[in-house]
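Keep the view open beside the text and look up each residue as it comes along.

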Amino acid sequence: DSPVDDDGYIASRRRPVMSRGAPLLFLHGTFLSSEIWVSRPEGKRNLAIQLAEEGYDVWLVNRRGNKYSQKHV
């Protein structure tokens with residue numbers, strides 16, 4: 001179930017790994033999406049997945065204006 005803003009926009013969020021560790025909220029920059037936290041150059045580890053593997057409760061949030069946040073009620 002995705003949260004709905006006061007004006008009816010549906011926000012999306014992802015949780016790559018279920019964990020009971022300390023929660024971490026990852027927000028992307030302008031004109032980007034949560035993909036920025038899980039995409040990586042060849043041979044490099046990405047921060048979100050690395051922290052999730054270490055036991056943190058990682059949440060990836062999409063703000064408005066990207067392909068994951070186009071729906072509204």
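1. **Terms and ground rules.** Helices (H or I, at least four residues) and strands (E, at least two) are DSSP runs, numbered from the N terminus. Please keep in mind that the model is predicted: local features need pLDDT of at least 70, side-chain atom pairs count only at pLDDT 80 or more, and totals for chains, interfaces and linings use all residues. Residue numbers start from 1 along each chain as its sequence is written, and side-chain values use heavy atoms, with hydrogens and water left out.

2. **The overall layout.** Read from the N terminus, its elements follow the order β-β-α-β. Of its 73 residues, 26% count as buried, where buried means under 20% relative accessible area, exposed means over 50%, and partly exposed lies in between (1.4 Å probe, protein chains only). The chain exposes about 5,500 Å², and carbon and sulfur atoms supply 53% of that area (Shrake-Rupley method, 1.4 Å probe; for residues, only the protein chains shown count as cover).

3. **Contacts along the chain.** A contact here means heavy atoms within 4.5 Å. Among contacts with a separation of 6 or more, 67% are between residues 24 or more positions apart.

4. How do S2 and S3 pair? They run in the parallel sense, over five bridges (two strands pair if DSSP finds at least two bridges between them). The chain goes from S2 through H1 to S3, and this β-α-β crossover is right-handed: with the strands pointing away from the viewer, the path from the first strand over the helix to the second runs clockwise. Strand S3 covers residues 57-62, and five of its six residues are buried, so S3 is largely enclosed by the rest of the structure.

5. **The nonpolar core.** Which residues make up the largest nonpolar core? There are six: Phe-26, Ala-48, Leu-51, Ala-52, Val-58 and Leu-60. Such a core is a set of buried Ala, Val, Leu, Ile, Met, Phe, Trp, Tyr and Cys residues joined through side-chain atoms within 4.5 Å. H1 and S3 each supply at least two residues of this core, and the largest share, three residues, comes from H1. Leu-51 is in contact with Leu-24, Phe-26, Tyr-56 and Val-58, leaving aside neighbours within four places in sequence. As background, nonpolar side chains in soluble globular proteins tend to be buried together.

6. **One aromatic pair.** Rings of Phe, Tyr and Trp (its six-membered ring) pair if their centres lie within 6.5 Å; planes under 30 degrees apart count as stacked, over 60 as edge-to-face and the rest as tilted. By this rule there is one aromatic pair. Phe-26 and Trp-37 have ring centres 4.8 Å apart and planes at 75 degrees, so the pair is edge-to-face. Because Phe-26 lies in strand S2 and Trp-37 in the loop between S2 and helix H1 (47-53), the pair ties together parts that are eleven residues apart in sequence. Phe-26 is buried at 8% relative accessibility, whereas Trp-37 is partly exposed at 24%.

7. **The loop between S2 and H1.** Is Phe-31 buried or exposed? This loop residue is exposed, at 83% relative accessibility. Its phi is near 65 degrees, a positive value in a residue other than glycine. For context, most residues other than glycine have a negative phi. Asn-46 and Ser-33 sit in this loop too. Asn-46 is buried at 10% and touches Trp-37, Val-38, Ser-39 and Arg-40, not counting residues up to four places away in sequence. Ser-33 is buried, with a relative accessible area of 10%, and its C-alpha atom is 8.1 Å from that of Val-61, 28 residues away along the chain.

8. **Ala-22 and Asp-57.** Ala-22 is in the loop between strand S1 (12-14) and strand S2 (23-27), and it is partly exposed at 43%. Ala-22 touches Gly-55, Tyr-56 and Asp-57, not counting residues up to four places away in sequence. Asp-57 is in strand S3 and is buried, with a relative accessible area of 9%. Asp-57 and Leu-24 are 33 residues apart in sequence and 6.0 Å apart in space, C-alpha to C-alpha.
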